[in-house]
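Morning, everyone. Let me put the model up, and then I'll walk you through it.

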Amino acid sequence: MIYLDNGATTFPKPQSVLRAVNEAMSLYGANPGRGGHAMTMKAGRRVYETRQALADMFSCGSDRVAFCDNCTSALNTAIRGCLKKGDHVIISSLEHNSVLRPVHAMKKEGLITYDVFFVEPCSKEKTLSNLKALIKKNTTAVICTAVSNVFGTVLPVAEIGALLEGRGILFVVDGAQAAGSHRLNMSEDKIDILCLPGHKGLMGPMGTGLLLFNERAEPLPLKYGGTGSGSMSPDQPDFYPDRLESGTVNLPGIAGLGAGVSFIRSRGLEAISQSESELISVLREDLSVIKGAEVYSLMHSTPRTNLLSFNIKGKHSEQVAELADKRGIALRAGYHCSYLAHKSYGTEKNGTVRVSVGPFNTKKDIKNLAFYLNKIALCKNM
Amino acid sequence: MHYTYIKFENQTYGEKAVSVLSSNGIKASLRRNPNPNHKQGCNFALFVNGNIWDAYDIITRSHIKNLGVESYRDRI
């Protein structure tokens, strides 16, 4: 199997991640932060170490790293937990449904209003100007993805952060496709809330997500319950991360995520990013000579990304992915849970075939893919 | 036996304090608070190998949220 669906979840995971999960389950699988015995303390320490490693990687305080089930859960907490009645929100035209749907639901409930700023494929300046034009007096948050999960478009996060600074508008970033392969620095990029999955570029297990936030954000919890702290009060703790972490946290997942972060550090974010973007460049070149292949390149000036979307003329994206699967190649086709992206860029009819690479993919994987895609494109009866 | 410790609301703050103290050359161990206040419920106690007030000063200057210094006498 050639796995090229790393945008959905990375596979394989590093051996160190598997080992960390196994050790957490078999050696110190007690409930972290809930008791005083040696095993629970060790479990709690492991959770803290991962928390601190993530805080260092993304530049925020370790007590402002809250573990969630996944990135969607983090985004829901950021959106529902920070917005209030009468707020106006701006989201980008490349948002995943995990941003669009909670925002749209709050609009339907009569709580907020929202607008969508169009991300111009080839101009950062126009993108910024589109966003700026939508800011109103009651705009309280701008929510945007760092990298489009459909087209690989890299949004100008640092520039948006700079634009919003000092305006009293929360800047919420969905880093689902960026973390682990793109630089994200909350402090330098003026990001107030960063929502991440643990199981994609950060190489952790599924069931791990992260809500990172700075002092300007005070998200309210969506879940209430036991936190192992302030137990004799009926009130949810008002301090973080406990405020957002009711119920037992996913110790094996968090231990694995910690090992994933160590893996990225040892390989180097820059090296991973370069290797992945080189593979995408190779694919882009190979696709350019395949008859009927249409690549959706919605890039700003520096096309450095780990994913690419395309279609083959006369074939639905699902058909192409199915044929590739028969050859042992895992691709993602369809609409990638991104109504807005397809609607905004005209790919709603066929969706797209998405190739997303990870740290373990090689040039040979891409060459094999291109070989079969050429066959698929040439064969009318396939 | 008489014990003095720095109290934290959760293990996160306590572990952070251990780490900060360690980088200042002070050894400390974090445990579940053996003498919790019934109004506050569960929390954590940091036992310092050295002058507790020096440690407390470092922790406070590092903006690590804590519930102050507390003492208790072991009745066993």
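This is a predicted model: local features need pLDDT of at least 70, side-chain atom pairs count only at pLDDT 80 or more; totals for chains, interfaces and linings use all residues.

Residues are numbered from 1 along each chain as its sequence is written, and chains are lettered from A, ligands numbered from 1, in the order in which they are written.

Domains first. Chain A is assigned domain 1 (2–10 + 268–378) and domain 2 (15–266). Those bounds come from an automatic or database domain assignment. Over C-alpha atoms, the two domain centres in chain A are 27 Å apart. Their contact takes 27 residues from domain 1 and 31 residues from domain 2. Contact here puts C-beta atoms, placed from the backbone, within 7 Å.

What touches domain 2 from the domain 1 side? Helix 8 (269–288), strand 10 (307–312), helix 10 (339–345) and strand 13 (352–356) of chain A each give two or more residues. Helices (H or I, at least four residues) and strands (E, at least two) are DSSP runs, numbered from the N terminus. Helix 10 of chain A has the largest share, five residues. By class, this side of domain 1 has eleven nonpolar, 13 polar and three charged residues. Nonpolar means Ala, Val, Leu, Ile, Met, Phe, Trp, Tyr, Cys and Pro; charged means Asp, Glu, Lys and Arg; the others, Gly among them, are polar.

Now helix 7 of chain A, residues 251–267. 13 of its 17 residues are buried, so helix 7 is largely enclosed by the rest of the structure. Buried means 20 or more other C-beta atoms within 10 Å of a residue's own, again placed from the backbone. Just after helix 7, A:Gly268 takes a positive phi of about 95°.

On to the cores. A nonpolar core is a set of buried Ala, Val, Leu, Ile, Met, Phe, Trp, Tyr and Cys residues joined through C-beta atoms within 7 Å. The largest has 110 residues, and A:Ile193, A:Leu194, A:Leu211 and A:Leu212 have the most contacts inside it. Helix 7 of chain A gives the most to this core, eight residues. Both domains of chain A give residues to this core, so it lies between them. A second, separate core has 16 residues, including B:Phe8 and B:Val18.

Last, the chains. 18 residues of chain A contact 16 residues of chain B. The chain A side divides into four nonpolar, ten polar and four charged.

Notes
Two residues are in contact if their C-beta atoms, placed from the backbone, lie within 7 Å. A residue is buried if 20 or more other C-beta atoms lie within 10 Å of its own, exposed if 12 or fewer, and partly exposed in between; C-beta atoms are placed from the backbone.
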